[in-house]
Amino acid sequence: MPFITDIKIFAALGSGVIGSGWVARALAHGLDVIAWDPAPGAEQALRQRVANAWPALEKQGLAAGAAQQRLRFVESIEDCVRNADFIQESAPERLELKLDLHARISAAAKPAVIIASSTSGLLPSEFYESASHPERCVVGHPFNPVYLLPLVEIVGGRNTAAEAIEAAKVIYTALGMRPLQVRKEVPGFIADRLLEALWREALHLVNDGVATTGEIDDAIRFGAGLRWSFMGTFLTYTLAGGDAGMRHFMAQFGPALKLPWTYLAAPELSEQLIEDVVAGTSEQLGERSIAALERYRDDTLLAVLEAVKTSKAQHGMSFAD
């Protein structure tokens, strides 16, 4: 049975930061969105988050017919997914919860509908174990803010059909995203494993009194982070090897991997370390609200993304290259 890839109705289960990001992205692409979340006040909070994201989406460009009014909030899982053409679950990271949730979602959904989870680390083979038609079930792991950042990691479980992976790629691409298929089902997937390694080392630097949280962020945002935004790690290091490329880089800098530059293991989250991190980030935030900082982030991300697109076009490359 072919899977549905021409999406008209997008179902979103869970309306926190990630779930609301999915809703905003789907609405901006002219879809009807049906949302469900059992938390008290969830509908109002969702609509507020979408409204806060909307100015950035307007700057990016809305699809024909895109409107916040095309969001409908329902009272049950079954009402949310019954008529959906695509389903994105963004519930809390608890295995027991997702097992029960996906048993109900898949029982009520149309058999040809792709079901995706936003999980950042749980394995699809585990939480889709009780799902009906598990061959159409995948992980679709996005990054915050979901409505602007294009990367989505697609992970299949042991029962996922190859056709479902391809269908998910088509759907996410139509939503303006850059799908990345994870070749093996591993905890944390790709991006979060890299981010976690950097996060652990940053905590060690704070814990050892080497740097404050603000100084560590400065080291990234004024240095490597600017290169990472358009070249990644391997291509950056390839250029560091000069005309001889990566081979010379590995020969020159490979021995440094044996030096004790990093801890790799995470430090104990002591009360002192937690307080140091909280104090440092509070100082960075200053008098600005989270919503104001989000709008600042959105505008800056749009500018960076537009600059990358323009530069790639000038060099004969597409944005996906």
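Axes are lines fitted to C-alpha atoms, for helices over the stretch in contact, and angles run from 0 to 180 degrees between N-to-C directions. Helices (H or I, at least four residues) and strands (E, at least two) are DSSP runs, numbered from the N terminus. The model is predicted, with local features needing pLDDT of at least 70 and side-chain atom pairs counting only at pLDDT 80 or more, while totals for chains, interfaces and linings use all residues. Residues are numbered from 1 along each chain as its sequence is written, and side-chain values use heavy atoms, with hydrogens and water left out.

The axes of helix 8 (residues 213-240) and helix 10 (residues 271-285) come within 8 Å and cross at roughly 65°. In contact here (heavy atoms within 4.5 Å) are Thr 213, Gly 214 and Asp 217 of helix 8 with Asp 276, Val 277, Gly 280, Thr 281 and Gln 284 of helix 10. One nonpolar, five polar and two charged residues make up this contact; Ala, Val, Leu, Ile, Met, Phe, Trp, Tyr, Cys and Pro count as nonpolar, Asp, Glu, Lys and Arg as charged, and the others, Gly among them, as polar.

Eight strands form an open, mixed sheet in the order 3-2-1-4-5-6-7-8, where two strands pair if DSSP finds at least two bridges between them. Strand 3 (71-73) and strand 8 stand at the edges with a single partner strand each, so one side of each has no neighbour in the sheet. From one strand to the next, the twist averages 25°. Strand 4 (residues 86-89) pairs with strand 5 (residues 114-117) in the parallel sense over four bridges, and Ile 87 stands opposite Ile 115 of strand 5. Strand 7 (residues 151-156) and strand 8 (residues 178-181) are also parallel, over four bridges, with Pro 179 in strand 8 as the bridge partner of Val 152. Between strands 7 and 8 the chain passes through helix 6 (residues 162-174) in a right-handed β-α-β crossover; right-handed means that, with the strands pointing away from the viewer, the path from the first strand over the helix to the second runs clockwise.

Finally, the structure holds one cavity of 30 Å³ or more. On a 1 Å grid over the protein atoms alone, a cavity is a set of points where a 1.4 Å probe fits but cannot get out, and lining residues have an atom within 4 Å of a point. The largest cavity has about 60 Å³ of space, a volume being the space filled by probe spheres set on the points, which are joined across faces, edges and corners. Its lining includes Tyr 128, Glu 129, Cys 137 and Arg 158.

Technical notes
On a 1 Å grid over the protein atoms alone, a cavity is a set of points where a 1.4 Å probe fits but cannot get out, and a pocket is an open set with protein on both sides within 12 Å along at least five of seven lines; lining residues have an atom within 4 Å of a point.
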